[in-house]
Amino acid sequence: MKACTIGCFDGVHQGHRFLLQQLRAQAEERGMQTLALTFRRHPAAVLGKTVPPQLCTLEEKERLLKEQVREVKILDFTEEMARLTAKEFMQKLRDEYGVGLLLLGYDHRFGRPSPDDDYERDGHALGLEVRRAESLPGVSSSAIRQALQQGRIADANEMLGRPYTLCGTVVAGRQVGRSIGFPTANLATSLLIPKTGVYTATTPYGPALVNIGHRPTLNNGSDISIEAHIKDFHGDLYGQPLSVSLLRRLRDEQAFPSLEALRRQIENDLKSLTLHHQ
């Protein structure tokens, strides 16, 4: 039998890891293996509700979860699944995944809503133990989103337990950075984009300066771009995947009177990048 927990686990942050730590402890007490179940698509999308901007890709989520538990299963949340009662869903967990213990987040609910819901009672009737985990106060995916949207990258990273990482694909840009001696990789991503500004970051190719914003010096309009100047990197990344882990927010984005003024500011920002990575 397996000890299981289930959730969206967006960001796999410190609160999630606290839950998974409890899962491991309770599994060890019972001689069970650990299992985390998550979803390929956010259940809200299937239910026609607004899906919050995500904090990590599915691939990153699976990798982070596998650092915490023995087994990870990704479920396809469907309309048929949404119609299951809590008891029917727990029976599915028992029969299809061998779940003997279900550890729920402190506020997690599942199954078609019913005034008669009693997870512990219904689980017991199925021979399945259901328990509630303790919470880690102040840490949640929504709190991390708020911190990122306000530019509080240090707070977001502390709640995540690691730097917030934008994953995406490098796309063609205007190549203005190249013309002033600072070529950039322009990142297209589906993840939450933090508050505009200039950040220090790390990438698989080395430290980087990242500008998130509207490029006011270039009259970019309302479009938001993510441009990473990777220090001392001279390769071609077009069409390649890239991850950019944000470390520190240096300043607001600003308009400069000329490209030369912009170039001087980037040189100054690079000094902060060098100091930050020493």
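Helices (H or I, at least four residues) and strands (E, at least two) are DSSP runs, numbered from the N terminus. Residues are numbered from 1 along each chain as its sequence is written, and side-chain values use heavy atoms, with hydrogens and water left out.

Let us begin with confidence. The protein chain has an average pLDDT (the predictor's confidence in each residue, from 0 to 100) of 89, and 90% of the residues score at least 70. Confidence is lowest in helix H9, residues 176–179, with a mean of 52, and highest in helix H8, residues 153–160, at 98. Where pLDDT is low, the predicted coordinates should not be read in detail.

I turn now to helix H1, which contains Gln26. Is Gln26 buried or exposed? Gln26 is buried, at a relative accessible area of 13%; buried means under 20% relative accessible area, exposed over 50%, and partly exposed in between, with a 1.4 Å probe and protein chains only. Setting aside neighbours within four places in sequence, Gln26 is in contact (heavy atoms within 4.5 Å) with Leu101, Leu103 and Arg131.

Next, helix H8. Its buried residues are Ile153, Ala156, Asn157, Met159 and Leu160. Viewed down the axis of H8, these fall within an arc of 160 degrees, so they line one face of the helix; the arc is that of the directions from the helix axis to the C-beta atoms. The face turned away from the buried side carries the exposed residues Ala154 and Glu158. The buried residues of H8 pack against H1, H7, E6, E8 and E11. Just after H8, Gly161 adopts a positive phi of about 80 degrees.

Finally, the core. A nonpolar core is a set of buried Ala, Val, Leu, Ile, Met, Phe, Trp, Tyr and Cys residues joined through side-chain atoms within 4.5 Å. The largest one has 30 residues, and those with the most contacts inside it are Leu148, Tyr164, Leu166, Val210, Val244 and Leu246. A second, separate core of 22 residues includes Ile6, Leu35, Val99 and Leu102. Which residues does Val210 contact, leaving aside its neighbours within four places in sequence? Among them are Gly197, Tyr199, Ile226, Val244 and Leu246. Thank you for your attention.
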